[in-house]
Amino acid sequence: MRKNIKNLLKMENLSNEEILNLIKRALELKNGAENKKNKNIFVANLFFENSTRTKKSFEVAELKLALNKIDFDVSTSSIQKGENLYDTCKTLEMIGVNILVIRHKENEYYKELKKLEIPVINAGDGSGEHPSQCLLDLMTIYENFGKFENLEIIIAGDIKNSRVAKSNKKALTRLGAKVSFVAPEIWQDKSLGDFKKLDEVIHKVDVCMLLRIQHERHERHEKDEKDNFLKESYYKNYGLTEQRYKKLKENSIIMHPAPVNRDVEIADSLVESEKSKIFEQMKNGMFMRQAILEYIVEKNNL
Ligand code: CP
């Protein structure tokens, strides 16, 4: 992608100031601020991996902003005839699409798209990053605490395969939060930071962020171990049980990007508990994606 094009591919693409501006704009929109209306701007949503929240909230955000939403069904597209990602995206550019929203199973799929002259919003790349999820998570944390500095945040789950863990660790750390992880040995990636035991930290955390076990990204040997974890001990050792919930600080919150494996990452009874922001995250996601689209439209003079 050309240098003068503003994309959102990873959290590094945004300064701290830009992150805070996006959070404030999304909160304004949530509180009823008027949408900016756009004319003659076409947005294509290309989802090569399954999605409910990200895809549908981008679609609602696009409609609210009066952007022209172009559906792209991978299963009936010329991808099925062997057309590659770049040729597909270039074709959309040439027929008048102005913005691409892409989710893809390959990490950094966007490196193939360097010659495009339209911006790309990354809706998740393999186990790489998920910047719009990260931004809605940051919005939810900011909405609850009004700050990031010195918040104690634990991210628990399938860290190695999680794009949410990577985006959130990078962004939260540079905004001043203290982030550590909880995971079974097989899903740890020590290059990301400190790994702790949930029972040693649960009483201290401000944010307890649980992540989905990424079944679809597991190698065969991980699948075998995962089955054992699920059957025997994942919930007991790494899940948010009712007993652990009782140990959380009074003002702490629970987050999960969802979809949730109930009674695996979190007790079924806690998904909508008082401390849980899981469904609020989804609500915030639509407003944050509106803010992201406004930002991309403005920065690219569309
Ligand atoms: N959290 C998230 O990315 O959900 P979807 O896979 O449903 O988009």
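Predicted model: local features only at pLDDT ≥ 70, side-chain atom pairs only at ≥ 80, totals over all residues.

Mentor: Where along the chain are we? Asn150 sits in the loop between α4 (131–145) and β5 (152–156). Now look at its backbone: phi of Asn150 is positive, about 65°, although Asn150 is not a glycine.

You'll find Asn40 in the loop between α1 (16–30) and β1 (42–47). Asn40 counts as exposed, because its relative accessibility is 63% and the cut-off for exposed is over 50%.

While we're on the backbone, here's another spot to check. The peptide bond from Ala258 to Pro259 is cis, with omega near 5°. As a rule, most peptide bonds are trans. Pro259 belongs to the loop between β8 (253–255) and α9 (278–299).

Those two residues turn up again at the largest pocket. Its volume is about 390 Å³. The lining has 21 residues, and the closest to the pocket's centre are Arg103, Arg163, Arg212, Ala258 and Pro259. Which elements give two or more residues to that lining? They are α2 (53–64) and α5 (163–174). Sorted by class, the pocket lining has 5 nonpolar, 8 polar and 8 charged residues.

The structure holds 1 cavity of 30 Å³ or more, and the largest cavity has about 60 Å³ of space in it. Its lining is made up of Arg53, Ser57, Gln133, Leu136, His256, Pro257, Gln281, Met282, Gly285 and Arg289. Each of α2, α4 and α9 supplies at least two residues of that lining, and α9 has the largest share, with 4 residues. By class, the cavity lining divides into 3 nonpolar, 5 polar and 2 charged residues.

In soluble globular proteins, nonpolar side chains tend to be buried together. Here the largest nonpolar core has 56 residues, and Leu135, Leu138, Ile141, Ile153, Ile155, Ile159 and Met288 are those with the most contacts inside it. The element that gives the most to this core is α9, with 9 residues. A second, separate core has 24 residues, among them Ile154, Val201, Ala267 and Leu270.

Next, the rings. The count comes to 6 aromatic pairs. One of them joins Tyr109 and Tyr110, which sit edge-to-face, 5.4 Å centre to centre with 75° between the planes. Are these two buried or exposed? Tyr109 is buried, at 2% relative accessibility, and Tyr110 is buried as well, at 6%. Elsewhere, Trp187, Tyr234 and Tyr238 form one aromatic cluster.

Glu59 is in helix α2. Is Glu59 buried or exposed? Its relative accessibility is 9%, so Glu59 counts as buried. Leaving aside neighbours within four places in sequence, Glu59 is in contact with Asn45, Lys69 and Asp71. Ile141, one of the core residues named above, is 82 residues from Glu59 along the chain, and their C-alpha atoms are separated by 24 Å. Lys236, in helix α7 (residues 220–238), is exposed, with a relative accessible area of 58%. Between the C-alpha atoms of Lys236 and Asn107 there are 32 Å, and the two residues are 129 residues apart along the chain.

Conventions: Residues numbered from 1 in each chain as written. Heavy atoms only, no water. Buried < 20%, exposed > 50% of the residue type's maximum accessible area, 1.4 Å probe, protein only. 1 Å grid on protein atoms, 1.4 Å probe; cavity = no way out; pocket = protein on both sides within 12 Å on 5 of 7 lines; lining within 4 Å. Points joined across faces, edges and corners; volume = space filled by probe spheres on them. Nonpolar A, V, L, I, M, F, W, Y, C, P; charged D, E, K, R; others polar. Phe/Tyr/Trp six-rings, centres within 6.5 Å; stacked < 30°, edge-to-face > 60°. Core = buried A, V, L, I, M, F, W, Y, C linked by side-chain atoms within 4.5 Å. Contact = heavy atoms within 4.5 Å.
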